Amino acid sequence: MVDIEVVPLEKPDDVNVIVGQSHFIKTVEDLHEALVGVGGTLRFGVAFCEASGARLVRHTGNDDALVGLAVAAANAIGAGHCFVIMLRDGFPVNVLNQVKAVPEVCSIFCATANPLQVLVAVTAAGRGVTGVIDGEPPVGVETEQDIAERRDLLRAIGYKL
């Protein structure tokens, strides 16, 4: 038997979140080091669900509020080897390659600022993330004006020349 639970992740609108899966208790420290290496303005909290041994939610970060959000999200998901990173003053695009380069990281489920729901499979053996619901479905296809606005936005925020 498998039950699927929908776990909403609670966070302020100005916070970005990365949800992934890893495989070792060292993950929490290695993610911290990867995030600190990006730059001094990035604020973050990291939480990691230990899957064996003491089975604790391990945590770290440089912003207590974001650490608290990450811990609450990881605890709500409750899936072994799942990690949650909450970010402020930076974006997932600024850290995603560094996070993926951490040797213990197996996969990334999402990196978003959107409202987020995590789909968790529950069996007699435990819990596992099966996917995420990240944002809302499209309502149309972009027009030439939408394309121009997208390109202008990317240049205005410094992602394109």
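Glu5 is partly exposed, with a relative accessible area of 34%. The model described here is predicted. The side chain of Glu5 meets that of Arg127 in a salt bridge, at 3.1 Å from N to O. Because Glu5 belongs to strand β1 and Arg127 to strand β8 (residues 126–134), this pair ties together parts 122 residues apart in sequence. Arg127 is itself partly exposed, at 27% relative accessible area.

The structure holds 7 salt bridges. Three of them are listed here.

| Pair | Closest N and O atoms |
|---|---|
| Asp14 and Arg88 | 2.9 Å |
| Arg58 and Glu50 | 3.1 Å |

The bridge between Asp14 and Arg88 also spans a stretch of sequence: Asp14 sits in the loop between β1 and β2 and Arg88 in strand β5, so parts 74 residues apart are tied together. Asp14 is partly exposed, with a relative accessible area of 46%, and Arg88 counts as partly exposed at 22%. In the pair of Arg58 and Glu50, Arg58 is partly exposed at 26%, whereas Glu50 is buried at 13%.

Beyond its neighbours within four places in sequence, Val17 is in contact with residues including Leu9, Val84, Met86 and Leu116.

Which residues of helix α3 are buried? In α3 (residues 92–101) they are Pro92, Val95 and Val99. They lie on the same side of the helix because they cover an arc of only 85° around its axis. An α-helix has 3.6 residues a turn, so residues three or four places apart point the same way. The buried residues of α3 pack against β2 (16–21), α1 (27–36), β5 (82–88) and β6 (107–112). On the face turned away from the buried side are the exposed residues Val93, Asn97 and Ala101.

Val93 also belongs to a nonpolar surface patch with Phe91, Leu153, Ile157 and Tyr159, which together have about 500 Å² of accessible area. Tyr159 lies in the segment after α4 (144–156) and counts as partly exposed at 35% relative accessibility.

Methods
Residues numbered from 1 in each chain as written. Predicted model: local features only at pLDDT ≥ 70, side-chain atom pairs only at ≥ 80, totals over all residues. Heavy atoms only, no water. Buried < 20%, exposed > 50% of the residue type's maximum accessible area, 1.4 Å probe, protein only. Helix = DSSP H or I, 4+ residues; strand = E, 2+ residues; numbered from the N terminus. Arc of directions from axis to C-beta. Contact = heavy atoms within 4.5 Å. Patch = residues over 30% accessible without salt bridge, like charges linked within 9 Å, V, L, I, M, F, W, Y side chains within 5 Å. Areas by Shrake-Rupley, 256 points an atom, 1.4 Å probe, with all protein chains shown as cover. Salt bridge = Lys/Arg side-chain N within 4 Å of Asp/Glu carboxyl O.
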